[in-house]
Amino acid sequence: MTVAQPTFADQSVDILGTWDCIVHDPEFGGTETTTYYSDGTVVSIGEITAQLDTYMKVEVSGAVTGTWQIENGIMSGSLTRMEISMLLLNGNDHTRGPIADSFAKSITSLPPFDDTIMLLDSANLTIRDEDGSMTECTRFVGS
């Protein structure tokens, strides 16, 4: 049995705008509001919580800026800037200082990404990253 792959008329146009997203991963989870711009930039504002091993809980809020492009159902790009508004390690505030600076630098030093678009229509976007994490989004309608 052959499973049909999703096809999209013009994914680069369909994805433009703002999306409310939930990140699902065995090691971390969070929410983000992500906006894709026609000039190839993306801005994501959100909160992520991760439990690293059994001894370290990381909670981070902030904004990430990057680049994106879509070709044949694959979204590729890179993260170019991170501004941290909150960083807690086991409940201790490290929002300002060398730990936050190092954390932000580690995010923007990640290799470029190639994520698979699983679903894209006028109201829904689902992306699977290279590690298998899923991000499910709904189009932001406004307040």
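1. At 53% relative accessibility, glutamate 130 counts as exposed, since the cut-off for that term is over 50%. The model is a predicted one. Glutamate 130 sits in the loop that joins β8 (124-128) and β9 (134-139).

2. Glu27, Asp53, Asp114, Glu130 and Asp131 together form a negative surface patch.

3. Serine 109 and glutamate 130 are 21 residues apart along the chain, and 17 Å separates their C-alpha atoms.

4. Helix α2 covers residues 98-108, and its buried residues are Ala100, Ala104 and Ile107. Viewed down the axis of α2, these buried residues fall within an arc of 60 degrees, so they line one face of the helix. An α-helix has 3.6 residues a turn, so residues three or four places apart point the same way. On the face of α2 turned away from the buried side are the exposed residues Pro98, Asp101 and Lys105.

5. Asparagine 72 has a positive phi, near 55 degrees, although the residue is not glycine. Most residues other than glycine have a negative phi. Asparagine 72 is placed in the loop between β4 (56-71) and β5 (74-89), and its relative accessible area of 73% makes the residue exposed.

6. Asparagine 90 also deserves a look: its phi is positive, near 50 degrees, in a residue other than glycine. The loop between β5 and β6 (92-93) holds asparagine 90. With a relative accessible area of 43%, asparagine 90 is partly exposed.

How values were computed:
Residues numbered from 1 in each chain as written. Predicted model: local features only at pLDDT ≥ 70, side-chain atom pairs only at ≥ 80, totals over all residues. Heavy atoms only, no water. Patch = residues over 30% accessible without salt bridge, like charges linked within 9 Å, V, L, I, M, F, W, Y side chains within 5 Å. Areas by Shrake-Rupley, 256 points an atom, 1.4 Å probe, with all protein chains shown as cover. Salt bridge = Lys/Arg side-chain N within 4 Å of Asp/Glu carboxyl O. Lys, Arg positive; Asp, Glu negative; His and termini not counted. Charge placed at Lys NZ, Arg CZ, Asp CG, Glu CD. Helix = DSSP H or I, 4+ residues; strand = E, 2+ residues; numbered from the N terminus. Buried < 20%, exposed > 50% of the residue type's maximum accessible area, 1.4 Å probe, protein only. Arc of directions from axis to C-beta.
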